[in-house]
Structure formats: C-alpha cells, structure tokens
Amino acid sequence: MNQTNKQLTSFWNLIKRYKIVIPIIQRDYAQGRDEESPLRKRFLSKLKQTLDLAIIASEPNSKTTQPHQLILDFVYGTPAENGAIAPLDGQQRLTTLWLLHWYVAYISGNLSDDVRNVLKSFSYETRVSSRDFCEKLCDLVPIDNSKSIDSTLIKRHIENQTWFYSEWKQDPTVYGMLTMLFGNNQNDSSDNIFDIFGYDKETLTKYWKSLTSNNIEQSPIMFNHTIIGSEELPLSDDLYIKMNARGKPLTNFENFKAEAIKWVSENVSKEESIRVASKFDNEWTDIFWENGLGKLVHNVDELFFAFFNRIYYQYVVTERNNEVFVLSEKNSDKNSEYRLFSGSKNKHEKNSGDKFITFQSLEPYTSRLKEVLTSLETIFQVIRQIDLSTLQPYWKKDFYFIPRYILDKDTPKQLTDEILDFTTINQQERVAFYAICKYFLSPSHDDDEKESLSHWMRFVWNLISDKDSGGADTIRSVSAIQQAVALIDMVENPRRVYGELHEKSSEYREKLKNNTVLEHRFIEEIEKVIQILHPDSNVKLPSWAKNWEQAIIEAEKFRLFNGSISVLFHNEDGEIDWADFELKLKNAKEYFKTPDNPNAISLMVPYLSDEDILFIFNTYYLHYKDDNVSEMLRRHPKRFHKYLMGKANSNSLTHLQKDIISLCKNTLDFWIHPNWVGNKHILSSYSTKSGYYESNSYFIDTDYIEKRYAFLSEAQANVNDIQLIINKEYSYPYKGLYIDFTCIYKERHYKFRWTGADWIDMYDKDTNLWREGLHSKFNGHDVDYHFNDIPTFWKEIQRCITSYLSTRSNS
C-alpha cells in the first residue's frame, strides 16, 4: 500500500487505475473562467511545448538535449468507494488534463470504445451537470469531415446534441470546460486547446501516443499523486485548511443543496435535477451575489439557505385546513417544522431565530420541496426584473427581501466560527415577505409591473406597520402573522389591488367588523383608494400635489403616521371628510416637527375635551415620545380633529386640562383610571390597587385634597385640648391619595390618615386600626361613626383616641 501512496504518474496511468471523482467540496472549474485567459494560455502552451519536445526526442537519431518532461505539482486525494479517489487538491489540473486527453483522442480519431471507458472514469460526485457533460462528451459522435473544422463548428456540434441541456450554458463548470476547449469568442487570444494544439490529425496522433504511453518514465507530463491518510500525509483535523482552503468542510447550504438535487433526481427526474442544479449554481446564486453583498464577501451560502428557510417558514405558518390555520400558538412548540424553520429549536444559540441555518437532514424539506423549488424559480425570475428598493416602505429602509451580509467596514462579521452574519427579519417583516411572494407568484398581466408592485407594497406596508405605544410592532406572534395573512389573502389579485379594494369595498366592509387594528387599517386602505380613483369633486386637491395618490403618499411618509393617516380625513364625528386634509397635514408637520417633543402632550390638551382626555389617556401614557403620540393619533382620529384643525376650546381651561398640563411632564408612564377611588379619577402608573399606589398617584379633575386640607387647617384652630399637625404641606399638584396628620393629646402622638375614599383611619405606627373600629367617615350615612363638620370631627378623633387607650390599658 505504501508504494502507491506517493508516486510519480501520468494522467492516463492514473485514470486507468482509479476512478477519479471530483468531490462536492471542490468549487467550479476555475481555469475555464473568462478572466483566467492568461493562465490558460501559459499552462496550455507549457503542455504543448512539453509534448512537442517529447515527440522530437522520440524520433530516431534525435539529438535534442532539452528536457521533454513536465512535472506538475502534487495531486492529493482521499480513498473513495469502489476503488475511486477523490482529489482534494489538483482538481483544476486534472480537469484540464482530462479535457486535453479527450480533445486529442476525439480529433485524431482515437476515441475508441476502450478509450471512452477509460475517460468515463473521470466524474463529479454530486454536480450532476458536470458529471453528465463529461460522460456524454465521451460518446460524442464524430463531426462531418467534409466541413472545414474550426472551434465554433465543434462547439456548436456539441451544443446541438440532444443530450446537451440549454441550462448547461450557464453552468460555470460546463461553460469553463467549453471555454478551455474552444475559447469564449470574447477575444482573439489563443487561450484554448483548439487554438494552441490545433487539429492536425497526424500531430494529434503523436500527442496521443505520447500521452498514453505505458512507460511512465517516458511520459512527458507527470505529477506526484499522494493519497491522504498514508504515512507520507496523515489525515488530521486541520488538513483541509492547510490545502489552500479548498478542503474546507462543506457548508450547511452545500450539504443541503447536494441532498436536494439528489432528491429531485430520484423523485422527479434526472433531467429536472440537472436543470435545478444549474439554477442553483448560476441564476439563483447570482441573485444573492448581486443583491446580498455576496460579490464583496465571495460567498452566498448563508443568504441562500436563510432565504430558503424563510420560504418554508411561511408555508408552515400559513398552512390552512378548511380556512383554519393548522399551526397555532398552543401547538407551535410541538410542531417540529415550526421549531426548525423559526429557529426556536436553537433559541439559546447565536444562530437562532431567522438566523438558524444549520442543516441536519433533508427530511423536513421533502414534503414541500418540489413546490418550493417551483416557487423559487418564479420568484427569482421576477426579482431579476425589478428594483428591490421598491419592496421597502418609505419609513423603513432596513428591510431586505434578499438577506444581506453584515459588514464591519469592508469585513464580513462572523455570527459563529462557521457562519457569516447576515440581516434578519422579524414577525412583521415575515408578513411582508409572504405578501411579496404572493405578488411574485400571481399570474402576470399586461399591467405596468413597476406601478402594480408599488401599489401592492404600499397597501401591504400600510396594513402591517402598526406599533404599540412603546414603539414595538403589534405583529409579533404566530397568531398576529396569521391574522395579517388572512387579510392579505382577501385580495385575490395583488397586481390590481387598487381595483379590487374599490370594486369590493362593500363586500370587504361587510366581512370586516373593524374590531382589530389590522381590520381598521384595511378599511382605511379602502377609503384612501376610493379617494385616489374617484376623488370627491367638492374637495380641493392640495396645491402641491398633482393627484390624490401623491398627496396621500406624502402624508403617509410623515414620521408619526407609518402609512396610517385616518386622522387627516375624518371629522370630529368620525365621518370621512377630505376637506381639511391639507390643513391637518400642515398642522401635524408643524406641531410635531421636532421628534420626541417634551411639550407634545401639554400642547395638545387644550384642544381636547374632558371626555376625550379621559378616553385617550385611559389607554395611553402621558408620554411625549413619538411612538406613544403616533399611536394616539392613529387610533382616535375624531378626537384629534380640533387639535389638527388648530381649534382650541373657546372657554378657559378646565380643571382636568390644567391637571394634565401640570402633571404630564413628570408623569410620563402614568395614565388615567376613571372613577377609580371614591368615584374620582386617578392618574397613576399602577394598574391595580396594590403596593404603594396610594403614595404615588394623583387625584385629577377634583379639588378633593385641597378641600380636605382646608378642613383640617380650620380644625387646627378650633380645639383646646388636642393639637393637630398636618404631616405634609399642601402644594399643587399634590402627590398621594391621602393626607396624613398627627393629633397630640396629653403629650402623646396619634397618627391618622384621611383616605381617598373619605375615611379617616387611626394607625398604630404602620398598622391600620380600622378593624378595631378606630375609624370614621366624612359625611358617612351608612356607618355608625361619621362626621360632617369640625365639631363632630373632633368628637370622632377623641372617640378613637379614648377607645385606643382603653383597649391598650385592658391588654
């Protein structure tokens, strides 16, 4: 065995002894690339010069002293099945030598059955197109000798064979082989086998005899062949890296692609697998190469695999049975497909979520693989015809339908040691991804592609771009995705979304109850389309717009709206009214020209009625941040009509308005609880009556605290034997829902608290003594103890103190 591990051999002797199988880890045939013309010319010229010298040296009475042997670099290989070897380094040289042997045998007429069988021992492991091309080339029928031979004639003869697939012209390896044989017709350089070796049969026959000599010592072209795993070159973990990086382990996507092509060959047809393989390696790869920064990184594997998984994710999440979604929030954790394609299976790793691109088995893909491959072909065909920036909304420039590598300056960032980092998509963007695919897969018509796609994307982004008051997307769960998808699928033909929204407006309105944010936004899109296609003739178009579509889109772009502008065309009764559109938009831009304006709430309050304030701020914080203000405007258009019209209430500010204006800047995370304590409105950051809510909340729209302070202040001056001390001075606005005061009787201090429910409770340190009956209620009518004036107040205080002392003395 050791004798064969490292030896000097010729290509012919190697291929007679072993089947040479180029493994999948090898890249395309690089020596045939257009830009490698100088390399081809140098290498082929060196081979020809060596063969010419060998022929001269072999002639009788030859006196040449020049060397007639060319020793090429090492060719490394690993043992493979059935006596084959898999070259891990030297693929380029072996492929070129194989092409030279085939050409010389074919043109010189030496391509016998035995020679064909030997040449067929050169193959590719899983690159179907390359493997079949090499095999069929060995069976190529002779060309008509009556014709004048040139490279174009032979090349066309090959391409006209029934076994030659048109897709092969785009396959980089097949293209490279034909370029090595006959040139690429792009330049006049003699950089190919035909031009350099010629087509003289007599000379080529001499070359053939020299190339196929059984006497290795006299072989003109040789190389050292070394089997990896021998004593001379032991197999080690880092061996692949040492060999010019050609031996890197297969990427996840390469493994997936190989298995997918194999599956197509076995389950569809061999011809289809050849076509799909060509698509994978050429047209489809070009999409990511050009649009995903693959050209800069010299790689596309992560991008392609992530995109493929996104397609599968949408199939899993949107699958329906009798219009009912199969996947739900309850069963998603048990759904293996969802866990795989959502990345939740790997949620604790860096490559989790949308970045989970680890390949383990083709099994999860097979049930939909044929359908997905068909969809991909259509999607990529459309992508090549459009500007991808059309797919982004005006207000969101970081969405990429085709994922992109993330660069740190010009260097790609690493996600893990094996995976480059790339852009991801969130749940909202998955809906956009679904909608884009729906458009691409819909039947094409004679419409303006750019315009119809623009209309569709505007509708989709306007529909799904809702955020909550904290700025988070409202679509962030499986059920939210499905709700959005169901609405999107109501539109049968995305290429004429305007027409459908107008023609089916009554039907859609009947189906939609306007109960959800998404339904509300869908109805808004109907209302805007009607104004675009059939504008109200009584309403004047804004002076700066050429049509209503331009005017509406300009409004949708505004920072606070994110596509939803119902506040601009609904009046104070909630009715559609476009008459004040221009004024409202102008005022909105003026009022909110400064992002996150700290005065945003205080400036709008004078324009809101008390009813509006209680309604709005029962749901929303008093926060001035754009996210909060934006949602208020979108959710309650009729309540902000006067504000955007610039019509403040003519009367002076109400008690409630004054309270909110005074409090809003220091209570950003507070909201109103109407009638929460003693039928009085409370401003609080607490959602329940727990913890220290009484200490950290405010009474609003009432003078309750002020009147109780006045009562206690008056009581201080109307008693002789008890001293009353109010524990905290009153100031407006007053924080707290109670007033603490202390009564000093016979030099002892007793603590009392007047609560928001109008009870006065006695305390022993921090313990409320109401269970012991040591309490009273102001104006109480249904309790034993109550007071409604200062004298009775003091009687009740004295009763509590006396009872307390009596209880404590008895204990």
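**Entry 1. Arginine 496 and its partner.** I looked up arginine 496 in this predicted model and found a relative accessibility of 35%, so arginine 496 counts as partly exposed. Arginine 496 forms a salt bridge with glutamate 503, and the closest N and O atoms are 2.6 Å apart. Is glutamate 503 buried or exposed? I noted 54% relative accessibility for glutamate 503, so glutamate 503 counts as exposed.

**Entry 2. Aspartate 764 and arginine 808.** I turned to another pair, aspartate 764 and arginine 808, whose side chains meet in a salt bridge at 3.8 Å, N to O. I placed aspartate 764 in strand E17, residues 759-764, and arginine 808 in helix H33, residues 790-810. The two residues are 44 residues apart, and the pair links distant parts of the chain. Aspartate 764 has 26% relative accessibility and counts as partly exposed. Arginine 808, with a relative accessible area of 29%, is partly exposed.

**Entry 3. Glutamate 319 and arginine 368.** I found a salt bridge between the side chains of glutamate 319 and arginine 368, at 2.8 Å, N to O. Where in the chain do glutamate 319 and arginine 368 lie? Glutamate 319 is in the loop between H16 and strand E7 (320-321), while arginine 368 is in helix H18, residues 363-383. This pair, 49 residues apart, links distant parts of the chain. Arginine 368 is at 10% relative accessibility, and because buried means under 20%, arginine 368 counts as buried. Glutamate 319, at 35%, counts as partly exposed.

**Entry 4. Salt bridges as a set.** I wrote down the count of salt bridges, which comes to 47. I also noted a network of salt bridges that links Glu272, Arg275, Lys279, Glu283 and Glu377. Side chains of opposite charge can pair when their charged atoms come close.

**Entry 5. The nonpolar cores.** I then looked up the largest nonpolar core, which has 203 residues. Which members touch the most other members? They are Trp102, Tyr103, Phe197, Phe308 and Phe401. Helix H16, residues 301-318, gives the largest share of this core, 12 residues. Another core, of 37 residues, lies apart from the largest one, and among its residues are Leu769, Phe793, Ile801 and Tyr804.

Technical notes. Residues numbered from 1 in each chain as written. Predicted model: local features only at pLDDT ≥ 70, side-chain atom pairs only at ≥ 80, totals over all residues. Heavy atoms only, no water. Core = buried A, V, L, I, M, F, W, Y, C linked by side-chain atoms within 4.5 Å. Buried < 20%, exposed > 50% of the residue type's maximum accessible area, 1.4 Å probe, protein only. Helix = DSSP H or I, 4+ residues; strand = E, 2+ residues; numbered from the N terminus. Salt bridge = Lys/Arg side-chain N within 4 Å of Asp/Glu carboxyl O.
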